[in-house]
Amino acid sequence: MSSIVEPVLIFQMINNMFTYFDRLTEEFNTEKITTIGDAYVACSSLEADADPSLGAVSVCLVALQMQSFVMETFNESPFMKAKVNQKCRMRIGVHSGPCHGSIVGGSTNFRYDLIGATVDIAEKIQEQCEPGEVFISAATKRLVEIYKGFEMTEKGLCTSGQELFLLRMIRRKELPEVPPETNVNI
């Protein structure tokens, strides 16, 4: 896309997207860690006493909401239709496990960053992901199984170092429609 769109428009696109993503992370109690070019790195459950299942569900919901926003709102915006005339499609990889965080850099140019195998594996999963989808690892699958709002489909294997990971594509389940004649008081 950068070969056909002016750099200033690319920055406007990314800013619009990331501003929405920032609101999402706040809403779902997840944390944006950093952005690297067009990559958005977020996590959940960094506190020692955090519930890892709740954190994994939150990250998956944020990821699916991000995909929905890009496909249904962002790509259909007048800005995208008039200025870019091409659809954006993201790949999102989610893995769950331990990591280490620290402030990196000097006193005037610093940032918080995460490192560790969990971060590396999430990146590998993202690389294997199909555009427009969210892929999760088996570790994340085990944590989100308690939430019955996801459909998961096996999508293949991913390697990171010596480890082999089974990947799954995740989607939100369609809720059954309530028949029109049913009276429901909410």
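**Rings, then charges**

I began with the rings: Phe-18, Tyr-20, Phe-21, Tyr-40, Phe-69 and Phe-74 make up one aromatic cluster. I kept in mind that this is a predicted model. My search of the whole structure gave 8 aromatic pairs. One of them joins Phe-18 and Phe-21, a tilted pair at 6.0 Å centre to centre with 35 degrees between the planes. Both sit in helix H1 (residues 7–27), 3 residues apart, so about one helical turn separates them. I then checked accessibility: Phe-18 is buried at 10%, and Phe-21 is buried at 1%.

Next I turned to the charged side chains, and the whole structure returned 7 salt bridges.

I looked up Lys-155 and Glu-130, which form a salt bridge at 3.3 Å, N to O. Lys-155 belongs to strand E7 and Glu-130 to the loop between helix H4 and strand E6, so the bridge ties together parts 25 residues apart in sequence. Lys-155 is partly exposed at 33%, and Glu-130 is partly exposed at 34%.

Arg-171 and Glu-133 came next, bridged at 2.7 Å, N to O. This pair links strand E8 with strand E6, distant parts of the chain, across 38 residues. Here I noted that Arg-171 is partly exposed at 40%, whereas Glu-133 is buried at 14%.

For Lys-141 and Glu-145 I found a salt bridge of 2.3 Å, N to O. Lys-141 is buried at 19%, while Glu-145 is partly exposed at 37%.

My last entry is a network of salt bridges linking Glu-76, Lys-81 and Lys-87.

Conventions:
Residues numbered from 1 in each chain as written. Predicted model: local features only at pLDDT ≥ 70, side-chain atom pairs only at ≥ 80, totals over all residues. Heavy atoms only, no water. Phe/Tyr/Trp six-rings, centres within 6.5 Å; stacked < 30°, edge-to-face > 60°. Helix = DSSP H or I, 4+ residues; strand = E, 2+ residues; numbered from the N terminus. Buried < 20%, exposed > 50% of the residue type's maximum accessible area, 1.4 Å probe, protein only. Salt bridge = Lys/Arg side-chain N within 4 Å of Asp/Glu carboxyl O.
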